[in-house]
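Here is a quick tour of a protein model, written for someone who likes cut-offs spelled out. Have a look at the structure first, then read on.

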Amino acid sequence: MFTFGFSYVGVAFLLMLFIPNIIWTKNQPEGYDASDENRILLIFERVGEVLCTCLILIFSDFNLHATKWIIWLGISFLLMIIYEIYWIRYFKSDKTLEDFYKPMLGIPVPGAMLPVMAFLILGIYGTNIFLIISSAIFGIGHIGIHKEHCNKCNFPKSRLAFRKNM
């Protein structure tokens, strides 16, 4: 579609994404260390973050409108609701690394997977290839970084869904 214009859905998604992350900066798990992140993955993550943030704000295609694609908006929003529940679970926990990376509804590293999946599906709803590609770029970096962090923690294999052998 590619209709330039303000997206109130984009603002809602960004608020759902940024507010818990801002709170998290004061509630990081003990032992969390991002100092040795893979530089390539970090570039993918940052580029994807910037692109996704800009794109969901400047295209009105993501706003609510009557279309056969509306189910995709519902799925995307549901993923963001689950993302918020993930954060509530984390903030109510002891805030350990295991709490941070614990799967949710069978989704490994949900703090990384859920927003990426939500943005990708929002791109499908808005039939916006730019957001779809940007979500993939963001996902490569964001999920990759969190998978590496999780693997370094050496949790018991039965406790977390993302394991070194994956």
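Predicted model: local features only at pLDDT ≥ 70, side-chain atom pairs only at ≥ 80, totals over all residues.

Is Thr127 buried, partly exposed or exposed? Thr127 is partly exposed, as its relative accessible area is 29%; buried means under 20%, exposed means over 50%, and partly exposed is what falls in between, with a 1.4 Å probe and protein chains only.

## Ground rules

Residues are numbered from 1 along each chain as its sequence is written, and side-chain values use heavy atoms, leaving out hydrogens and water.

## Two loop residues with positive phi

Back to Thr127 for its backbone. Thr127 sits in the loop between helix H5 (residues 110-125) and H6; helices here are DSSP runs (H or I, at least four residues), numbered from the N terminus. Its phi is near 45°, a positive value in a residue other than glycine. For context, most residues other than glycine have a negative phi.

Lys95 is another case: phi is positive at about 60°, and Lys95 is not a glycine. Lys95 belongs to the loop between helix H3 (70-92) and helix H4 (97-101). With a relative accessible area of 23%, Lys95 is partly exposed.

## Salt bridges

How many salt bridges does a search of the whole structure find? The search turns up 4, where a salt bridge is a side-chain nitrogen of Lys or Arg within 4 Å of a carboxyl oxygen of Asp or Glu. The general idea is simple: side chains of opposite charge can pair when their charged atoms come close.

One of them joins the side chains of Lys152 and Asp36, at 3.0 Å from N to O. Lys152 lies in helix H6 (residues 129-152) and Asp36 in the loop between helix H1 (8-24) and H2, so this pair ties together parts that are 116 residues apart in sequence. Both ends are partly exposed: Lys152 has a relative accessible area of 46%, and Asp36 comes in at 44%.

Glu49 and Arg46 make another salt bridge, at 3.6 Å from N to O. These two are 3 residues apart in helix H2, which means about one helical turn separates them. Glu49 is partly exposed at 29% relative accessible area, and Arg46 is partly exposed at 43%. Then there is Asp99 with Lys102, whose side chains meet at 3.9 Å, N to O. Here Asp99 is buried, with a relative accessible area of 13%, whereas Lys102 is partly exposed at 33%. As for shared partners, salt bridges join Glu45, Arg46 and Glu49 into one network.

Which residues make the nonpolar surface patch of about 500 Å²? They are Ile40, Ile43, Phe44, Val47, Leu51 and Ile140. Patch members have over 30% relative accessible area and no salt bridge, with nonpolar side chains (Val, Leu, Ile, Met, Phe, Trp, Tyr) joined within 5 Å and like charges within 9 Å; accessible areas come from the Shrake-Rupley method with a 1.4 Å probe, and for residues only the protein chains shown count as cover. Helix H2 (residues 39-58) supplies the largest share of the patch, 5 residues. Val47 lies in H2 and is partly exposed at 39% relative accessibility.

H2 also packs against H6, at an angle of about 140° and with the axes 7 Å apart. That makes H2 oblique to H6: angles under 35 degrees count as roughly parallel, over 145 as roughly antiparallel, 65 to 115 as roughly perpendicular, and the rest as oblique. The axes are lines fitted to C-alpha atoms, for helices over the stretch in contact, and the angles run from 0 to 180 degrees between N-to-C directions. The crossing of H2 and H6 is left-handed, that is, the near helix is turned anticlockwise from the far one by less than a right angle.

## Pairs separated in sequence

Leu17 lies in helix H1 and is buried at 10% relative accessibility.

His65 is found in the loop between H2 and H3, partly exposed at 28% relative accessibility. His65 and Gly126 are 61 residues apart in sequence, and their C-alpha atoms are 9.8 Å apart in space.
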